[in-house]
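Keep the 3D view open as you read.

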Amino acid sequence: MIPAGVPVVSAEAMRGAEEAVFASGISQRDLMERAGRAVAREALRFAMNRSVLVLAGPGNNGGDAYVVARLLGDAGLDVMVAAWGEPKSGIAAEMRARWTGPTVALEDAGVRPFLIDGLLGIGKARPFAPDIAAQLAKLVDGADFVLSIDIPSGFDTDSGDGLDSPVRADCTVALGALKPAHCIGEARAKCGAVLHADIGIPVASKWRTLVRPGIEAPPPDANKYTRGLVVIVEGEMPGAARLCAGAAAASGAGYVILAGRDPGEGPPDAIVRKCVTSREALAALLEDDRISAVVIGPGLGRGSDAGDWIDAALACAHPLVIDGDALSLLGTSAAERISRRSAATWLTPHSGEFNRMFGAADASKIVRTVQAAEASGATFLHKGADTVIAAPDGHAVLATDAPTWLSTAGTGDVMAGILAARIAAGAASPLHVAAAAVWLHGRAAHYCGPAFHADRLIDALPIAIADCL
């Protein structure tokens with residue numbers, strides 16, 4: 001669980017923001033006291049008079065930890081500090097000197113029910129030595145509740161990589177702003193509930209966490225065309241396209257057309273089926289200027305005519321959602337081909353499809369997705385447990401709270417349909433349209449409960465939309 005609408009910054013950007021605060025006249029001492037107070041306030045909520053073990057490292061994160069220990073001790077809790085080395089100088093050393101309670105070496109610490117992790121702060125992760133990792137695992141596993149200061153120790157701030165860190169928190173207090181590790185990579189699942197502590201550091205960022213969208217009901221004079229005509233291109237696996245079409249209809253589109261060689265019959269009867277047997281026939285259908293959005297890729301397959309369908313879709317003058325097999329078929333040519341389009345384009349890859357288009361790299365998922373959006377001129381909805389939505393101008397929205405039960409066949413096709421319907425509504429920027437689709441997708445999944453299938457997800461979409469009216 002992460003807070004909504006909060007800025008997310010890299011380690012470098014956070015350090016820059018801190019330096020700007022110091023330059024404005026606020027001392028590092030004051031900032032460390034603020035950070036310690038923010039963490040102590042949350043710790044008091046959760047500790048419930050249990051005895052506390054505070055893990056303090058030698059850096060500024062450890063300095064924050066000593067402040068927390070002092071404040072919790074002043075509040076009457078039984079507090080012990082486990083020190084992993086001593087601060088050599090600076091404000092962290094001053095805060096260490098102000099802690100007068102019991103202290104043991106980290107290696108000698110015993111288990112206590114409430115554990116506060118202040119070993120390592122933001123920056124590049126480094127693996128713990130085996131003996132320290134084993135001791136940390138014992139302390140973490142033996143605690144009833146673990147609270148991490150800023151990020152769980154041992155995780156890389158910008159990538160979320162864990163390097164086998166044994167730390168897992170029930171709650172993490174993010175200082176000043178969220179960091180990528182709260183939202184992506186291995187760290188995302190190890191942060192527990194993330195709380196944002198505003199400690200007076202002005203932070204400017206193009207990255208933010210997902211928020212509930214606002215959706216307006218159709219006006220009194222609305223009709224099926226003003227609410228949006230969506231065309232879904234069907235391929236070799238018609239079930240996927242039908243899921244997409246059903247989701248578009250259930251997400252507010254006024255008119256949905258399923259177009260393919262054999263679009264078949266069957267419910268929902270509100271979806272219009274059109275038979276198209278060639279690239280030319282599809283291109284002719286897509287000349288209709290009433291069309292608000294086109295989707296290609298769900299169940300498209302990789303047969304001999306799939307490339308023709310993609311060519312026709314790319315050539316159309318309408319907003320376009322590219323999903324599934326269409327992404328894999330575009331492959332490494334995706335950015336170049338999409339950049340030629342004049343109409344808005346959205347791509348919805350999972351990580352395997354993304355890597356087929358752009359290759360593997362060491363950069364974080366956020367950075368890679370933003371770079372892909374910049375290179376192609378398209379909006380990316382990079383799916384996964386850590387979904388990243390990115391626009392060509394560098395803005396990104398991060399979503400991590402969707403139920404893990406979404407990891408089942410067909411839910412990505414439903415996402416494409418939701419996105420098409422929100423595009424058809426035409427009320428927001430490409431980035432915010434995609435963010436709204438992600439929010440609705442996750443909210444509908446919450447209403448479905450455990451172990452649902454994609455058809456049920458469609459049924460829950462109107463309920464999710466009602467939460468946004």
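H7 passes H14 in a right-handed crossing, meaning that the near helix is turned clockwise from the far one by less than a right angle. The axes of H7 (residues 238-250) and H14 come within 7 Å and cross at roughly 40°; axes are lines fitted to C-alpha atoms over the stretch in contact, with angles from 0 to 180 degrees between N-to-C directions. Helices here are DSSP runs (H or I, at least four residues) and strands likewise (E, at least two), numbered from the N terminus.

This is a predicted model, in which local features need pLDDT of at least 70 and side-chain atom pairs count only at pLDDT 80 or more, while totals for chains, interfaces and linings use all residues. Residues are numbered from 1 along each chain as its sequence is written, and side-chain values use heavy atoms, leaving out hydrogens and water.

Which residues of H7 and H14 meet? From H7 come Ala240, Leu243, Cys244, Ala247 and Ala248, and from H14 Asp413, Val414, Ala416, Gly417, Ile418 and Ala421.

H14 (residues 411-425) also packs with H16 (residues 454-466), at an angle of about 30° and with the axes 9 Å apart. These two helices are therefore roughly parallel (angles under 35 degrees). On H14 the contact (heavy atoms within 4.5 Å) uses Thr411, Val414 and Ile418, and on H16 Ala454, Leu457, Ile458 and Leu461.

Now zoom out. The protein chain has 16 helices and 17 strands, and its C-alpha trace spans about 80 × 45 × 40 Å along the principal axes. Buried residues (under 20% relative accessible area, 1.4 Å probe, protein chains only) make up 55% of the 469 residues.

Methods: Angles under 35 degrees count as roughly parallel, over 145 as roughly antiparallel, 65 to 115 as roughly perpendicular and the rest as oblique. Buried means under 20% relative accessible area, exposed over 50%, partly exposed in between (1.4 Å probe, protein chains only).
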